[in-house]
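Please open the model in your viewer and keep the selection panel at hand.

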Amino acid sequence: MASHIVGYPRMGPKRELKFALESFWDGKSTAEDLQKVSADLRSDIWKQMSSAGIKFIPSNTFAYYDQVLDTTAMLGAVPPRYGWTSGEIGFDVYFSMARGNASVPAMEMTKWFDTNYHYIVPELGPEVKFSYASHKAVNEYKEAKALGVETVPVLVGPVSYLLLSKLAKGVDKSFDLLSLLPKILPIYKEVIAELKGAGATWIQFDEPLFVMDLEGHKLQAFSGAYAELESTLSGLNVLVETYFADVPAEAYKTLTSLKGVTAFGFDLIRGTKTIDLIKAGFPKGKYLFAGVVDGRNIWANDLAASLIALQSLEGVVGKDKLVVSTSCSLLHTAVDLVNETKLDAEIKSWLAFAAQKVVEVDALAKALVGQTNEAFFSANAAALSSRRSSPRVTNESVQKAAAALKGSDHRRATEVSARLDAQQKKLNLPILPTTTIGSFPQTVELRRVRREYKAKKISEEDYVKAIKEEIKKVVDIQEDLDIDVLVHGEPERNDMVEYFGEQLSGFAFTANGWVQSYGSRCVKPPIIYGDVSRPKPMTVFWSSTAQSMTKRPMKGMLTGPVTILNWSFVRNDQPRHETCYQIALAIKDEVEDLEKGGIGVIQIDEAALREGLPLRKAEHSFYLDWAVHSFRITNCGVEDSTQIHTHMCYSNFNDIIHSIIDMDADVITIENSRSDEKLLSVFREGVKYGAGIGPGVYDIHSPRIPSTDEIADRINKMLAVLEQNILWVNPDCGLKTRKYTEVKPALKNMVDAAKLIRSQLSSAK
C-alpha cells in the first residue's frame, strides 16, 4: 500500500508564514522567530501526512521564498551584485536575491509554467563559480527524522534548473545554459552523498521540463546528466517527477530510460495522454507514481473513477510497483477546508483542499489493496452526485445563450480606424492623450470603511457617502493634474476578480482559501461552481456617479472574462472555454448597461490572457481563439462612438501580438517599463497596429518617482515606432498599492512630459 505527496503548501492554514516573513522583513521580529514559526509549520505538515498513512512524505518542499531560489542558494549561484563570496548562505543574501535591498535590485521573477505561482529566475553564465552553499535539503531531512518521520528529500532536477534560468546581463546570447551541467553536477553529487549519509533511502528530482516541447539536444542533456549521477545515486531509490501536462512520446522514451532512476511520476489529471504511453510500454521492475489527485484545483476527487484508472495501471506495472500520488505539488491549492466555517455546506461537500487531498491519496492507496473505507467512498459518491444534479449548478437560460454563440465570431461592424474617428468626434482628445489604468491608492481609512460596511458596522447610506467622497477626491486630483480621460479610482473594490465574482451567480468565496503567488504574497481565488450569470448591474451606479462629477470622459472599469477565469478555481465538469463564454455574456450585459448609463469609454482588463496559454505550442491556437473570442463577445454590441479599452499586465506579448490585434479593442494599454521595452521591438519589426496603444511610461511597482525628462524620453522612443495619432500616455498598471505622495508627483511629471512632446510636435509641423 503506497502513497505519495509531490509537495505541500508552505504558507500555513492561516498564512502563518506570510505574517512571520513580513514581520521579519519589517525588523519587528528576529531570524530565530521566523525559524521557529517555519519549523512548527514543517513539523505539523510532516506529522499530518504521517498520521494520514502517507508512505512517501516529501521534505525540502518548504521554502522561505521559492524552491528555485533554494536551488540557486544550494549551488552558490549568487549574482555578484549581492557581494556574497563564500560560506553558508543566510537570510540576508537569500532575501536580497528575492526582494532586492537598499543598494541593488532583486533578481527577476517569472511565472512557474502556467500556474499563478512565480519563481526567482537564476542568472547564469560562463563566469559563475558554483559551490555547495546551502545545506537546507539535508538539514530538513534530518529535522524530520528527529521527529520520527522518514521523508523523501525533493530537489529541483539539474536539467530543469538550467532550462528555467536566464543568461546573466552581458553574457553572449549564443551561450548554452546546458553547458553548465558539468559544473553543477558535482554539487548535486555532494548533496546526494550527504543525504545518503544521513540515512535517506529515496530521493525525488522534480524535472517538470519533460512536459515541454524540447529539441533533441535538451532531451540528450537529461540522459547525460543522470548517467553522470548514476554511481552517486546507487543504493538509493530515485523518483523523477513530472507535472502540469502530458509527457510527449519522445520525451517519455528518454525519461523512462534514464540511468539510475527507479521511479517515474506523472500528472494524470492534465496529462491524460500519458496513460496511453504507459499502457503501450513501461520499463519492467520500475515504480509508477500515478498523479490521480488534482494538485491544482479544489474539487473532491472522483474516488470510484480514480480507483478504476489505478486498477488498469496496476495491470501494466504490477501490484507492488504502483504508488498513488498527487498530480503535482499541493502548493497550487488552498490549505485546509476545516477553516471554512462560513462556506455553504452543500458546496463545501464538493471540495477538497490540500489537507483533504492527502486523505484522498491515502484512501485510494488503501482501496487498491482491498482496505476500502466504505463510509468515505460512499460519502464521496453522494457528494459527487449532489454536485451533478444540483439546481445551483445548472441554469437553462445561460446554457441556451452560450450555445447560441456558436454561429458568430462577434466582431464589431465597423473597422477600428472608422470607429476611432467617430470616438474622436465625441471625445475631442488632444494627441498623446493621458489616462491612468484604473485604481488609485487604497488608504488605511478606505480599507477600514469597506471592512466596517462588510461587518455591518456602518449603514449603507454612510458607506455610499464615504465612497462618493473618495471618488470626488480622485476626480479632483485628476482634473487638477489635467489628465484627459479620468477613472473613478475603484475605492469600492477589494480585488479585480473577487469584486465581480461576488456579484455574479455561480461563484463561491472562501475565508482562508489562500494560495501562494510569490514570496509572502497570497491570493484567494474565487470558486466557480455553476453556470455564470449577472443578476443585476455591478458597476453602473459608481461609474455614472463619477461621470456626473466631471465634464471629461470617465472610463467604466471591468475585469475581462479570461482574467476572471484564469484567476479562479474553475469547475471541472465542463470545458474551460464554455465557462469563459458564460462569463463573457455576463460582462457583455454590464458593458451595454454602462453605455446606456452615459459612459463613453469602457475598459475591460485582460491582465491574465497571456497567463492561460497552454504549455505546448500545438494547443496555443485553440486557447487563443476562444480567449480572444470571449473578449470580443463582451463589447460587440456597442456603438462605434463608444471607445473600448483593454489593459494587459506583465507578460511576454511578442509571440501573441496577432491575437492581441484580433481582440479588436479601440485602445490597449500594456505594462511595458519592466520588460525593457521588449514590446516595442514587435512594432520595429514591422507589425502593423492601427488601434490606440499605451505602453506604460513608468513602473508603478516601484516607489521611485520618474522625472519629466525620463518620461518624455520614453514617449520619444515610442514615437520612433508608433504613429503619434494612436499613442496614449499612461502608467504601467493600477496605482492601488502606491501612496499618494508617490502618485501625485509621478502623474504630474507624466502629464508635463505629454504636454512637452505635444508642443514639440506642433512646432515641428
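Helices (H or I, at least four residues) and strands (E, at least two residues) are DSSP runs, numbered from the N terminus. The model is predicted, so local features need pLDDT of at least 70 and side-chain atom pairs count only at pLDDT 80 or more, while totals for chains, interfaces and linings use all residues. Residues are numbered from 1 along each chain as its sequence is written, and side-chain values use heavy atoms, with hydrogens and water left out.

**Annotated positions**

Select His701 to begin, which the UniProt record, an unreviewed entry, covers with the annotation "active site"; UniProt positions are given in the numbering used here, feature names are shortened, and annotations may be inferred rather than shown by experiment. His701 is found in the loop between strand E21 (692-695) and helix H26 (708-719). Its relative accessible area is 39%, which makes His701 partly exposed; here buried means under 20% relative accessible area, exposed over 50%, and partly exposed in between, with a 1.4 Å probe and protein chains only.

Next select His658 and Asp662, which UniProt lists, again in an unreviewed entry, for "binding site". His658 is found in helix H24 (residues 657-662), and Asp662 lies in helix H24 as well. With a relative accessible area of 58%, His658 is exposed, whereas Asp662, at 29%, counts as partly exposed. Which residues is Asp662 in contact with, leaving aside its neighbours within four places in sequence? They are Arg411, Val628 and Arg632, where contact means heavy atoms within 4.5 Å.

**An enclosed strand**

Now select strand E5 (residues 151-156), where 6 of the 6 residues are buried, so the strand is largely enclosed by the rest of the structure. Thr151, Pro153 and Leu155 point one way from E5, while Val152, Val154 and Val156 point the other way.

**Helices and their packing**

Move to helices H10 (residues 272-280) and H11 (residues 303-317), whose axes come within 9 Å and cross at roughly 30°. Axes are lines fitted to C-alpha atoms, for helices over the stretch in contact, and angles run from 0 to 180 degrees between N-to-C directions. H10 is therefore roughly parallel to H11, a term for angles under 35 degrees. Display the side chains of Ile275, Ile278 and Lys279 in H10, which meet Ser312, Leu313, Val316 and Val317 in H11.

Helix H20 (residues 540-547) is the next selection: 6 of its 8 residues are buried, so H20 is largely enclosed by the rest of the structure. The buried residues of H20 pack against helix H18 (460-481), helix H19 (498-501), strand E16 (555-559) and helix H22 (576-596).

**Two backbone positions**

Finally, select Leu432, a residue other than glycine whose phi is positive, near 50°. Leu432 has its place in the loop between helix H16 (416-427) and helix H17 (444-454) and, at 0% relative accessibility, counts as buried. Asp482, in the loop between H18 and H19, likewise has a positive phi, of about 65°, although it is not a glycine; at 28% relative accessibility, Asp482 counts as partly exposed.

Notes
Parallel < 35°, antiparallel > 145°, perpendicular 65-115°, else oblique.
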